[in-house]
Amino acid sequence: MRKQKEIMIGDKLKALRKSYGYTQEKLSESIECSTRYIGNIEQNKSKPSYEILVKICNLFHVGTDTIFSEYLEKASKKNQDLGLAGFEKLKPENQEMILHLIEYFNRNNEE
């Protein structure tokens with residue numbers, strides 16, 4: 001059995017948060033934790049508790065497969081968030097452009 005690489009989900013959670021147009025402050029208020037904790041999770045300095053992870057999944061209507069897909073041997077295709085599929089493989093400038101577009105459309109959706 002090969003050794004499991006360290007699980008680092010900070011970038012995925014940050015992309016998920018931004019794709020829904022949330023700031024760290026808005027997310028921390030929504031799931032009742034500190035902004036610093038969210039920042040530490042996104043920088044992979046802290047790991048989220050089960051409770052926080054469940055709150056994030058419920059808030060954004062995603063399953064844990066979406067967050068841990070690269071670490072699972074067999075991720076469920078049904079629950080995979082296609083909005084993030086391949087996102088991590090894009091160049092940083094393309095990721096940033098996509099995040100700005102999503103934020104723009106989310107803002108216009110609220111009006």
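1. Helix axes here are lines fitted to C-alpha atoms over the stretch in contact, and angles run from 0 to 180 degrees between N-to-C directions. Helices are DSSP runs (H or I, at least four residues), numbered from the N terminus. This is a predicted model: local features need pLDDT of at least 70, side-chain atom pairs count only at pLDDT 80 or more, and totals for chains, interfaces and linings use all residues. Residues are numbered from 1 along each chain as its sequence is written, and side-chain values use heavy atoms, with hydrogens and water left out.

2. Helix H2 (residues 24-31) packs with helix H4 (residues 50-60) at about 105°. Their axes are 10 Å apart. The angle makes H2 roughly perpendicular to H4 (65 to 115 degrees).

3. Which residues make the contact? From H2 come Leu 27, Ser 30 and Ile 31. H4 supplies Ile 52, Lys 55, Ile 56, Leu 59 and Phe 60. Contact means heavy atoms within 4.5 Å. Six of these residues are nonpolar, one is polar and one is charged.

4. Check Asn 44. Its phi is near 60°, a positive value in a residue other than glycine. Asn 44 sits in the loop between helix H3 (35-42) and H4. Asn 44 is partly exposed, at 29% relative accessible area (between the buried limit, under 20%, and the exposed limit, over 50%; 1.4 Å probe, protein chains only).

5. His 61 is not a glycine, yet has a positive phi of about 55°. The loop between H4 and helix H5 (64-68) holds His 61. His 61 counts as exposed, at 70% relative accessibility.

Terms used:
Helices (H or I, at least four residues) and strands (E, at least two) are DSSP runs, numbered from the N terminus. Angles under 35 degrees count as roughly parallel, over 145 as roughly antiparallel, 65 to 115 as roughly perpendicular and the rest as oblique. Ala, Val, Leu, Ile, Met, Phe, Trp, Tyr, Cys and Pro count as nonpolar, Asp, Glu, Lys and Arg as charged, and the others, Gly among them, as polar.
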